[in-house]
Amino acid sequence: MRSGHRIGLVLVLLALLQLSCATVALVPEQESMPAARLALRPEQRVFYDALQGYGDWLLIEPLGYVFRPYDSDETWHPYLYGYWAPSETYGWVWISGEPYGWATYHYGVWYFDDYQGWVWIPADDWGPAWVVWTMSEDYVGWAPLPPRGYAPEQAPGDGFLYVPLSALADTDLSGRVRTAAQLGVALGTPVVVDNLRERDGVVFNAGPPFPVVERRTGPLARVTLEDLAPAGDGTPAPARTGRAGPGRGAGVTAPASPMRRTGEEAARQARAVTQRGG
């Protein structure tokens, strides 16, 4: 055996010997983690895990890593594919027909980026919907609540979607919404609705008062979150916060896989309701 080959073989054997002797004491390095997941706070990383396959996580400064759904295009808009359900406790609760909606419409806010379009910024607090409400004599509108320091008007068409007051409780909203530009003078002069409520330390906007809407729709059948939940599960979102209902700073602590399955089932049921009416 030539000297060079012998030295190489010795080095290989030494390396294998050192590895085998040290195996018992080895401390494995922390598993590598995607940059987006690592950048999220630990209690928010379940969003990254549960939303995989539904969109991309992008870095937009100064917002940090944000989520952009795959199905978003120039015609897509948050709070469009679903319907509003009246709840005595929470006011108007958004029921999404999108499988990621349990997260993106109940935790966090939306932002319109000139290059990426609509993106979602996760947060800890559950709400019935994180929107800005506005109302004129005949119409009611909503726009995704933007990050602090931004305004809904920075989005195309001022960010608001409108329906007649008489249609707010309908389940086929996506075919009925209009923008301010489409409505023109028929919209009138909308005013902001500040129907603020507090529950478990979280302040949210419950939306247009029921008596105002009922003057156009007739009596509204109130729902509970249990009514809206997929069979065999808790609620569209609050039970995910790690305690018995919505809470501040609790984060989402349930495993990602069951949440993903429940979100998909909730979206399927919401689409079924939308298709058949009710």
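Modeller: The answer below starts with the model itself and then turns to the pocket and its surroundings.

This is a predicted model, in which local features need pLDDT of at least 70 and side-chain atom pairs count only at pLDDT 80 or more, while totals for chains, interfaces and linings use all residues. Residues are numbered from 1 along each chain as its sequence is written, and side-chain values use heavy atoms, without hydrogens and water. The mean pLDDT (the predictor's confidence in each residue, from 0 to 100) is 82 for the protein, and 78% of its residues reach 70 or more. Residues 1-30 have a pLDDT below 50, and this stretch makes three contacts (heavy atoms within 4.5 Å) beyond near neighbours in sequence.

The largest pocket has a volume of about 490 Å³. A pocket here is an open set of points on a 1 Å grid over the protein atoms alone, where a 1.4 Å probe fits, with protein on both sides within 12 Å along at least five of seven lines; lining residues have an atom within 4 Å of a point. The volume is the space filled by probe spheres set on the points, which are joined across faces, edges and corners.

Two or more lining residues come from each of strand 5 (107-113), strand 6 (117-126), strand 7 (131-135) and strand 12 (202-205); strands are DSSP runs (E, at least two residues) numbered from the N terminus. Strand 12 gives the largest share, four residues. By class, the lining has 13 nonpolar, two polar and four charged residues, where Ala, Val, Leu, Ile, Met, Phe, Trp, Tyr, Cys and Pro count as nonpolar, Asp, Glu, Lys and Arg as charged, and the others, Gly among them, as polar.

Strand 12 also has a partner. It pairs with strand 11 (residues 196-199) in the antiparallel sense over four bridges, pairing requiring at least two bridges found by DSSP. Within this pair, Leu196 stands opposite Asn205 in strand 12. The two strands form a hairpin with two residues between them, and Asp200 in the turn has a positive phi of about 55°.

Strand 6, which lines the largest pocket, also supplies at least two residues to the lining of the second largest pocket. The second largest pocket has a volume of about 300 Å³, and Glu74, Trp76, His77, Trp118 and Pro156 lie nearest its centre.
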